[in-house]
Amino acid sequence: MGIVSPGFHGRRRESAVQLPPGQYLTEDFPVLSAGPTPRIPEEEWELTVATETGGQYRWTWRELLDLPFETPRVDIHCVTKWSKLGTDWQGVSLDVLLEDVETAADFALVSSYGGYTTNLPLEDLLDGQAWIVYRYDGEELAPEHGGPVRLLVPHLYFWKSAKWLRGIDLLTENEPGFWETAGYHDYGDPWREQRYQGD
Amino acid sequence: MARAAVPGRLTWRVARLAETRRETDTARTLVFDVPGWPGHLAGQHVDVRLTAADGYTAQRSYSLSAPDRVELTVQRIADGEVSPYLTDVLGIGDPVELRGPVGGWFVWRPDAGRDVLLIAGGSGVAPLMAMVRARRLAGSGARFRLVYSTRTPGDVFYADELRRPEPGLDVAHVYTRVAPEGWPRPPGRLTAADLGDGPPDRDCFVCGPTGFVESAADLLLARGHDPRRIRTERFG
Ligand SMILES: Cc1cc2nc3c(=O)[nH]c(=O)nc-3n(C[C@H](O)[C@H](O)[C@H](O)COP(=O)(O)OP(=O)(O)OC[C@H]3O[C@@H](n4cnc5c(N)ncnc54)[C@H](O)[C@@H]3O)c2cc1C
């Protein structure tokens, strides 16, 4: 137990659900990003997946919409301590997207319009754990929440769910992304409270 | 985006409140003694952890508002869990736990050399004030403009310090609800005109509530600022 701050009792907002350690519930949808919001017209949007052997796969906005979609309802956890429960999304499972991609890579470095990057083990993007989403709560995904398309990996802290998704590089070696290079945890499991390096 | 600095492993340290200053009716600056503090850059923040007698804990992030001491400026949120404790209950000598400094992106380094535009909304001025103070401390010749939006003149943090003339620092207040009598600008939200007419080749730092940051960053983009030179921090 930490040292006690005299006179601090806390609010102890009891909730029926269990949250990851250090998190509190929020009802609104806070926005966090390192710079201004990029605005990418849908006609100009495209997604590239590049493999470790130089293979390239591409989807335009239209092609993305033609893929079978799912409507995940998931809890999300931001490293700045808010958690939001039961958020509704629509998008394409990475299992569908990566189905025909030939790779032996273990890592993914995800990149965004605007230059943001974040890294994940490839296995965390597969088996029904991750989507690329273009609708939130029944509406088109707003630019400040990553529209037209963002990644959604709800079992990791939300900085891994890169907004304004543009590309996924499949790599045989792990390469830290933007926040990971700035001292944030490489993996970012909210349930193990992996906020910063060394956690 | 450029890569940011890599801090080492972050450990929790015991901080004791050494001094407090009143900023407004609802905000206080807290100065802490933190043995072993490694130092920090202007713009970084700390995580504060409070622990109750029964072991319950709460954590929040606060920007460092001075470059050379562990100073936080906390705005009391009436129904908040942590900020009212920090502003009203924590007494001189009382302990809290801190870890940091955190964040290597939203920082100003005195050797950067370029002119700077700072845009603050409410308590978002805290990390920007650390930059203003770091500039002074380093004797930097970089020109700074601080555009500081508050509801009323009574909500301005560091009012005396910002009123003192300082060569190379230009401070513009934007009041959204109530302006002082005779103030040339009618109360209202930040507009492009408030950003001044300096050239857009400056490093911009924008900090405040999400909606404010979003609209200020959009104004900067519309004025031709390079998105790679605009850094934002949102207090949620
Ligand atoms: C990087 C960073 C730097 C920051 N720097 C500063 C700074 O320098 N100065 C500063 O004053 N603040 C700063 N903040 C904000 C700060 O971290 C806290 O968010 C702020 O002090 C409020 O905390 P609190 O515990 O008092 O309020 P909270 O208890 O978190 O409540 C905040 C609001 O959320 C509502 N709320 C909370 N829980 C619920 C719930 N379950 N359901 C519905 N509503 C709820 C409350 O009613 C209240 O209106 C910073 C934030 C970040 C991310």
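Which strand of chain A do 3 bridges join to strand β2 (residues 46-50) of chain A, and in which sense do the two run, parallel or antiparallel? Select residues 165-171 of chain A: this is strand β11, and the two strands run parallel. Strands here are DSSP runs of E with at least two residues, and helices are runs of H or I with at least four, numbered from the N terminus; two strands pair if DSSP finds at least two bridges between them.

This is a predicted model, in which local features need pLDDT of at least 70 and side-chain atom pairs count only at pLDDT 80 or more, while totals for chains, interfaces and linings use all residues. Residues are numbered from 1 along each chain as its sequence is written, chains are lettered from A and ligands numbered from 1 in the order in which they are written, and side-chain values use heavy atoms, with hydrogens and water left out.

Staying on β11(A), pick Asp169(A), the bridge partner of Ala50(A).

Next, show both chains and select the residues in contact (heavy atoms within 4.5 Å): 46 come from chain B and 43 from chain A. Between chain B and chain A there are 4 salt bridges, each a side-chain nitrogen of Lys or Arg within 4 Å of a carboxyl oxygen of Asp or Glu. To see one of them, zoom in on Glu214(B) and Arg39(A), whose closest N and O atoms are 3.6 Å apart.
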